[in-house]
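Reader: I would like to go through this model with you and ask, point by point, on what grounds each description is made.
Author: Please do, and I will set each value against the criterion behind it.

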Amino acid sequence: MPTDEPAGDGVRLGAMTSDATPVNDSDSVTGHGGTHAVAAAAAHGQSVMWTLSGAHVFPVYDAAVGGRDTVDQAGGDTMRAQREGPMRLIDVRHEATAAFAAEATGKLTRSPGFAVVTAGPGVTNTVSAITGAWFNGSPMVVLGGRSPAGRWGQGALQELDHPPLVESVTKAAFTVHDPQQAGPELERAFRTAGSPHRGPVFVDIPMDVLFSYGQATPPTGDREPKTPVDPDSTSRIASLLAAAERPVLVLGGDVWSDGADQVARAVVEDLRLPVIANGMGRGVLPRGHDCLVTRARSAAFGSADVVVVIGTPLDFRLGYGVFGGKDGATPAAVVHICDAPDQVAAHADLAASAAGDLSTILRDIADKYGATPSRDHSSWTQELLERHRAAVEADAADLASEADPIHPARVYGDLIPRLADDAVVIGDGGDFVSFAGRYVEPMAPGNWLDPGPYGCLGTGLGYAMAARVARPDSQVVLLLGDGAAGFSLMDVDTLVRHDLPVVMIVGNNKAWALEKHPMRFLYGYDVIADLNPTRYDQVVTALGGAGETVSRPRDIGPALDRAFAAGVPYLVNVMTDTDVAYPRSTTGI
Ligand SMILES: Cc1ncc(C[n+]2csc(CCOP(=O)(O)OP(=O)(O)O)c2C)c(N)n1
Ligand SMILES: [Mg+2]
């Protein structure tokens with residue numbers, strides 16, 4: 001623990017007593033590092049800190065609750081103090097959950113979510129979540145503790161130089177060495193994370209620096225200036241689209257995170273372009289929209305002559321950016337539009353690209369398209385729409401399946417009619433969640449959360465608690481594979497302690513099915529893919545929530561009704577057919 005001795009390069013420690021009350025006026029913020037961290041997070045729109053305790057970061061908690069006086073005022077009710085301080089503290093059972101929750105907060109609010117973890121293992125437990133945020137372009141800041149600068153190299157508890165560990169998966173990773181710099185450096189962390197192309201930032205503060213006082217100008221909450229849009233690039237894209245007979249538009253997650261969702265919808269409706277959506281781009285066009293042709297994806301990508309991909313990488317989910325060319329046709333001209341120049345695909349053969357503010361780019365393209373004579377592509381849009389509708393209709397049989405054991409699709413047949421338009425649906429699992437991706441078409445953007453192309457299992461409870469906080473009045477439904485459930489189910493304890501009711505549905509096929517079936521296909525046998533018929537609902541009950549197990553198709557609907565009405569974390573454990581594999585068209589390899 002720090003003392004009042006000089007530390008590091010003349011750094012002097014602040015008092016060990018609680019003293020979070022910052023001297024905040026319009027000109028300056030004065031306080032320990034925790035004060036500056038909370039001020040920066042609040043200026044960037046955050047009202048919650050996701051964390052798991054460690055002495056290295058006590059000042060951050062002190063600032064979050066507003067110091068000892070506020071805790072005393074809560075009359076010993078520490079949960080109240082945690083809830084009602086300057087920044088709500090939600091303490092979890094694994095740092096991975098804290099970081100996943102911060103990532104989901106970033107995804108849902110489009111401002112950097114905030115996780116605070118202790119030095120050493122606290123930080124290393126967040127690495128998968130940070131990496132997921134890096135793949136997804138999710139804005140988040142992870143603040144780590146760090147052993148004291150004044151002891152560096154002497155083997156203090158959990159002494160580890162964290163930034164090099166996460167340098168390759170963050171926009172910035174750095175250490176604050178000077179208490180006078182804590183304010184500007186923490187603001188830099190949030191500004192960098194929240195500016196396009198968004199992503200995770202890691203910052204750690206040595207314990208002696210964090211406990212010390214510094215003065216800084218108040219954080220502004222500003223973002224970095226956006227890249228100016230090159231008008232030649234939008235002219236080229238507009239002419240490619242105007243000449244297209246079979247255009248397709250792909251709307252990805254950055255359309256949502258860059259705040260271009262409404263403009264994108266208006267442009268699509270204006271130009272009548274057929275749309276495929278992925279990630280957080282799902283819902284920009286609501287279910288049933290007459291330009292949304294998600295289920296005609298292979299026809300759209302196979303026969304398109306121009307594909308414009310906006311706000312998502314040209315990765316395995318999009319055939320690495322190769323489209324068209326079906327039955328000997330000329331491959332499609334591919335256009336990549338990104339929120340920042342370094343996101344434009346280097347591996348693809350692009351006919352055009354543009355980078356910068358996505359709303360500006362889209363408006364510019366639409367204006368220029370409107371001013372150019374264009375080919376009629378209405379019959380192509382109509383053809384794709386009909387294919388899409390036929391595929392949706394063909395789902396009806398599986399969604400209503402009476403098969404015993406339960407066909408996983410039947411869960412969605414009962415769930416979808418119970419979802420309100422503003423429901424947030426979260427997927428964490430293999431095949432069970434792939435079925436959800438096929439059947440659950442959101443009504444608005446920001447209402448569908450999946451782990452994205454990093455594909456990390458275990459996001460579930462962290463994502464769900466963040467959704468519950470960000471959308472207090474919406475249904476929050478977490479879909480879990482039984483395998484995936486094992487990673488984070490202990491954090492139901494956090495849902496219970498913090499009164500965050502969520503509906504969880506486990507597709508319990510007693511297997512890691514997404515690995516079991518491919519292994520059987522390749523080798524004719526499978527190993528390490530079987531799990532037990534575990535009562536995951538009883539795990540939730542033991543932790544203070546509620547739940548039930550369902551084994552017959554007709555019992556699913558009533559169980560879901562009870563789950564939505566419960567007002568506590570509730571898990572419906574649905575025993576499904578292990579042998580029903582998701583019919584997969586991409587392997588990701
Ligand atoms: C952290 C992590 N470990 C392993 C994997 C590999 N993996 C992908 S899907 C999957 C099986 C998931 O099983 P379950 O959650 O039960 O869903 P199911 O496929 O059975 O529906 C596994 C092990 C992964 N993606 N992430
Ligand atoms: Mg499973």
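Reader: Where does His197 lie, between which helix and which strand?
Author: In this predicted model, His197 lies in the loop that runs between helix 9 (182–194) and strand 10 (200–206).

Reader: What is the omega of the peptide bond that joins Pro196 and His197, and what is that bond called?
Author: Omega is about -15 degrees there, and the bond between Pro196 and His197 is a cis peptide bond. Another cis peptide bond joins Asp404 and Pro405, with omega at about 5 degrees, and Pro405 is placed in the loop between helix 17 (396–399) and helix 18 (408–415).

Reader: What makes the phi of Asp499 worth a remark?
Author: Its value is near 55 degrees, which is positive in a residue other than glycine; Asp499 lies in the loop between helix 22 (492–497) and strand 20.

Reader: Why does the radius of gyration of the chain agree with that of a compact globule?
Author: For 589 residues the rule gives a radius near 25 Å, and the chain has 25 Å, so the two agree. The C-alpha trace spans about 75 × 60 × 45 Å along its principal axes, and the secondary structure comes to 25 helices and 22 strands.

Reader: Which domains does the domain assignment give, and how far apart are the C-alpha centres of domain 1 and domain 2?
Author: The assignment gives domain 1 (23–216), domain 2 (231–390) and domain 3 (396–575), and the C-alpha centres of domain 1 and domain 2 lie 38 Å apart. Counting residues whose C-beta atoms lie within 7 Å as being in contact, seven residues from domain 1 and ten residues from domain 2 take part. On the domain 1 side, the residues that touch domain 2 divide into one nonpolar, three polar and three charged.

Reader: Why are strand 13 and strand 16 said to stand at the edges of their sheet?
Author: The sheet is open and has five strands, in the order 13-12-14-15-16, with parallel pairing. Strand 13 (275–277) and strand 16 (352–355) each have a single partner strand, so one side of each is left without a neighbour in the sheet. From one strand to the next, the twist averages 15 degrees.

Reader: What makes strand 18 and strand 21 edge strands?
Author: They belong to an open sheet of six strands in the order 18-17-19-20-22-21, again with parallel pairing, and strand 18 (448–449) and strand 21 (546–550) each pair on one side only. Within this sheet, six bridges join strand 20 (residues 503–508) to strand 22 (residues 570–575), which run parallel, and the bridge partner of Gly507 in strand 22 is Val574.

Reader: Which residues come nearest to ligand 1, and which helices supply its shell?
Author: Of the 19 residues around ligand 1, the nearest are Gly430, Gly481, Gly483, Ala484 and Ala513. Helix 19 (431–439), helix 21 (482–488) and helix 23 (513–523) each supply at least two residues of the shell. By class, that shell has eight nonpolar, eight polar and three charged residues.

How values were computed:
Residues are numbered from 1 along each chain as its sequence is written. Chains are lettered from A and ligands numbered from 1 in the order in which they are written. This is a predicted model: local features need pLDDT of at least 70, side-chain atom pairs count only at pLDDT 80 or more; totals for chains, interfaces and linings use all residues. A residue is near a molecule or strand if its C-beta atom, placed from the backbone, lies within 6 Å of it. Helices (H or I, at least four residues) and strands (E, at least two) are DSSP runs, numbered from the N terminus. Ala, Val, Leu, Ile, Met, Phe, Trp, Tyr, Cys and Pro count as nonpolar, Asp, Glu, Lys and Arg as charged, and the others, Gly among them, as polar. Two strands pair if DSSP finds at least two bridges between them. Axes are lines fitted to C-alpha atoms, for helices over the stretch in contact, and angles run from 0 to 180 degrees between N-to-C directions. Domain bounds come from an automatic or database domain assignment. Two residues are in contact if their C-beta atoms, placed from the backbone, lie within 7 Å. The radius of gyration is taken over C-alpha atoms; the globule rule is 2.2 Å times the number of residues to the power 0.38.
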